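Trainee: I am new to this structure. Can you take me through how to read it?

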Amino acid sequence: MIYEISHRTAYKYDAPVTQSQHVVHLAPRSVDRQTVRHHSLLIEPAPSTRTDLVDYFGNPYSILSIDDEHSELVMHARSTIQVTPRQSLNRESGTPWDRILPLLLEKQSSTDDLHAIDCATPSAATQTTPQVIDYAKASFPQGCPTLMAAWDLTCRIFADFKFDPTATDVSTPVSRVLANRRGVCQDFAHLALACFRAMRVPARYVSGYLLTRPPAGKPRMQGADASHAWVAIWTPEVGWVDFDPTNRIMPDEEHISFAYGREYHDISPISGVLLGGGRHIVNVAVDTKCAS
Amino acid sequence: MITNTKSVASKPAELLSDYRPPTGTFDELVDNTGAIRPHWAPLIAAFDGLPSRERRARARRLDRQVSDTGLAHDIYADPSAPPQQWRLNLMPFIISTEEWKWFEKALVQRAQLFNVMLGDIYGPQKLLRSGLLPPGLVFADPAYLRSCRAIVPPNGHLQFYAADIARGHDGQWRVIDNHAETPAGIAYAIANRVMHADVAGDILAECNVRRLSWHFQDFQSLIEGQSGRTEPNIALLTPGPDHPDYFSHSYLARYLGYHLVESGDLRVAGEVVFLKTLEGLKPIDVIVRCTEGARSDPLELEPSAFDGPSGLVHACRANPALVVNAIGSSVIENRGLGGYLPTICRELLGEDLLLTDAPRSWLGDAQARAHVENSSDDLVIRDAREGTGRPGQAALGRSLQHASAADREILVAEINTQGARFVAERRLGFATIPMLTPQGLRPRAFALRLFASAKNGGFAVMPGGLSIGVDPGSAVALSASDGETQDVWVPMDGVERPHTSLWKPQLQTALIQRSQRNLQSRVADNLFWLGRYLERGDWTMRVIRTALGRRFEYLGSAPANKASELSLELLLDKGTWRRDAPNEPRQDLRPAARLASMLITQKEGMYSLAQTFDGISRVASLTRDRLSLEAWRTLGKFRIDDAWRSRMRDASTSELQDEIEDRLAMVATFGGQMHENMTRNFGWFFLDMGRRLERACNVSDSLNAHFSRSVSDDVDRERLRHILDLADSYITYRSRYRLEPMLPLVLDLLLIDETNPRSFAYQLAALSKHLESLPQATDGNALTRERRIVLSLQTAVRLADVHELSAVRQDGRRDGLETLLHPALDELPQLSDLISRRYFRLVEDEPHRVATRPGTRQ
């Protein structure tokens, strides 16, 4: 399947911004089942400096600075990506969840192994707390195959939590999400990550997109009209496997991943620091459609 | 009477007679037979040679030094917070030459080891892959900054390193903490030495103690060399005056001669860091970092922390040597590392680790966790990572054995879920060191902090350090509840290089400079307001003084009191006041004194003494690195607190008078100290412009209020006397004219005479001269607006005729005076804004963050 993705973010500021600097994760990466055919990022006004780099996790990103006074800013990313279906997986077998980290630590590690160990470590937004452990442990009976435990946790989060964009904001901690049982994809991803890491299972945050208008007969998924977030966990047999707790699904051809990190803050699509500007209004328009 | 000229060996018993270290411990001064260790002998002899009265006098002087220098109390801190303790004992800690040589080798080895380790952690990560360093230890550490991966400075991450070391009862030295985040602690060691040398310089010389200055000279030339430029701009980055270590940041910046900057003073454009100065943006070549790594760049690190300028990490990518120590260095402070260092040292350096760490186990390791859970040893659980390393401020750990069953259960659960954040350690006891007390020498448990700095491809250890008294019962980190410290003396081994001041680089490379180095916009802003507040305080108190009493024989009459009231109302008009508060205004006072007491006792109104003196203290403390020590001491007396105001509320008129006279003298002293000690550079210009502008406003405002309308000859006469008194020009007038005050003559003196420092014209002339000397004095070929304003006011005053100004129209108005003064009343406040906008504009904007989130359209 080939997708065309358009992600346009427009900021309007109350007062002129004298300088703004941004870290932008809007470029897709070619991995596993994905091939990037085309990508462009248009920025208005044109940045004074822009550097394209690869981050700690291997994601392409840009650092840019607009040093001239401006009161509007538009970033428009367009990408064409080919996605192939994932191989079928047997969730009922495989390494038990409690053996994964010991196995990783026993041998001389490769760079990929180190990344997995890194992802088994709680980050600032995914700290291990007694509440997290209480919620997680039902999905992790001793000796249970990792994929089975992960699917169980995915289903439970989907069942227990309500999608509600008004309940949380960009920095709502997992503890509040757990208490209120509401949130958006980012919150559910962070909750799942906190649970996996509390159990010392390597798990990472995935940001990406869903098809905006579903094929005939299929329901429209949550998060389809904006950028989306889900998680991936690591097993020695098959490497990284995706789980989407917001939609209770194991992502396949309809999820297009853009970036991986330990949590949202590592790879948020656009984050910036402004001088001046006062209050601002932001408008995000995402459109994902099939080109083939 | 016994003289002190006899050989001291004949009476060694005096100081040592009742010195009894506890048995079973290691003591630095005496061995276990009670005999003095030889390298202490000259020091003890020197102290024995001092009469005990002299010792007590010196100890008191040292106490006063500590409190005057500002180490003991943090004046920036919230007054309600418990004060930080700092004491310096007259008795130093002296290290034998042999032991020092070993320390030097051991500390340099550790610094080098950490440098190589950091290069690996932020580079290829071989140590993590091989498991020599547990990957989880690094990954779980919030000081490991992923954004800084692959930023590897050519000379290594560390340019300075400090270790806290302690000797156990077995006599062995061990490292109890490592410091690589900021060099802040070193300022305390320098300050201790400076103060101690002042009080015990003779003994220091007798004992042949090595100086500290060479060490910093080497460090400075290294940093300058690293910048690759001949006259680099070097900045010391501090989180600002609210940080508990701000004292040490400003002290170190002043000692090393670097700009003291906050993140608001810097701006990153592209890949270059600039300092905002009066002359615009100037590139910075090296940043000595006193901020926490993770808080040093809101763009790529902790998003809510603005201690460093946004984009700093990216600037380091282009120039990895830009920031020292490199951002991310403090990962080697992790207390869990110690157990892995001996193997890593053999692997990386091919040597045995000379100075090992106190035995600790990292609880991210499953075996270590299991051991702790089942152990009955007396273990202390402590955070693997802690704070910024202010000497003596380490937190106490939690004891497993002494915890209640419930607490133990919680602790064990915490260890099992978040083990990577903790270490377990054993108590080792601390060796003792002699301290001088009023009762004589007494042993005290202690630990040392020693400092190493980079030097030509390697490291050198500062020949000195901090010795800090510790609580002997505590576990192994440096926790000193009472802040008792001692200077560390390293005796010379051979002849030392002659002393050279840090301020004089080798003469052949030094250029004679009279121009000022770049002045930060923020500092200029603060100095400008310091000038305004000082003048405002002076003027307000002069007005108050006229209302309170009979300064001269002519005061006290009804018209004179009316003149005071008018001046007071003029000030009160500028603020909001509570005129109906109980007991305020005071009914027992005359009307003028009643108004004056509002300015004294109320807190909120603009021009209240509380506001003005608060302003002085605030801006002065922000420019502290530019104030002399004397000025700083005077400033300490300025604070107006609630207690003072309530005392004034009950004070009699003559008590109020005394207080106001005292404060006027203080402001004059402070102003005089600034006047005498500041070089006449940009900083001075701004201080003086603030003062001149404020005075010009006050003089023109008063002349207008009192004389733009004639009431009666009697009233005019009293007003003339009043205004001469206010402007401190009564004596000048009398000596010139020997006449009753007459308006044309008074206007000449206070308005037009450019030689009278209290006149309006004098203020304008000074403003004009300063504005002309500053950068950006012209807009293209034209004068700037602020210079045009001053010039037009100045011209009008110069052309004015005092007799025309004094002429009264039929309706009682003096329209000549009005025409002259009204433009001034409008334009002087504008002038202040224009100066702010031109020179301080760069400081106005506060950075803030924006981010979008997934799953929503906002």
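**Reading the fold**

Mentor: In chain A, 75% of the contacts between residues at least 6 apart in sequence join residues at least 24 apart. Two residues are in contact if their C-beta atoms, placed from the backbone, lie within 7 Å. This is a predicted model: local features need pLDDT of at least 70, side-chain atom pairs count only at pLDDT 80 or more, and totals for chains, interfaces and linings use all residues. Residues are numbered from 1 along each chain as its sequence is written, and chains are lettered from A and ligands numbered from 1 in the order in which they are written.

Trainee: How many helices and strands does chain A have?

Mentor: Helices (H or I, at least four residues) and strands (E, at least two) are DSSP runs, numbered from the N terminus. Chain A has six helices and 13 strands.

Trainee: Which strands form the open sheet, and in what order?

Mentor: Strands pair if DSSP finds at least two bridges between them. Here the order is E10-E9-E8-E11 in chain A, with antiparallel pairing. Strands E10 (239-243) and E11 (255-261) of chain A each have a single partner strand, so one side of each lacks a neighbour in the sheet. From one strand to the next, the twist averages 40°. Angles run from 0 to 180 degrees between N-to-C directions; axes are lines fitted to C-alpha atoms, for helices over the stretch in contact.

Trainee: Over how many bridges do E8(A) and E11(A) pair?

Mentor: Six, in the antiparallel sense; E8(A) covers residues 203-210. Tyr209(A) stands opposite Ile256(A) in E11(A).

Trainee: Which helix lies across E8 and E9 of chain A?

Mentor: Helix H6 (residues 185-198) of chain A, running at about 20° to E9(A).
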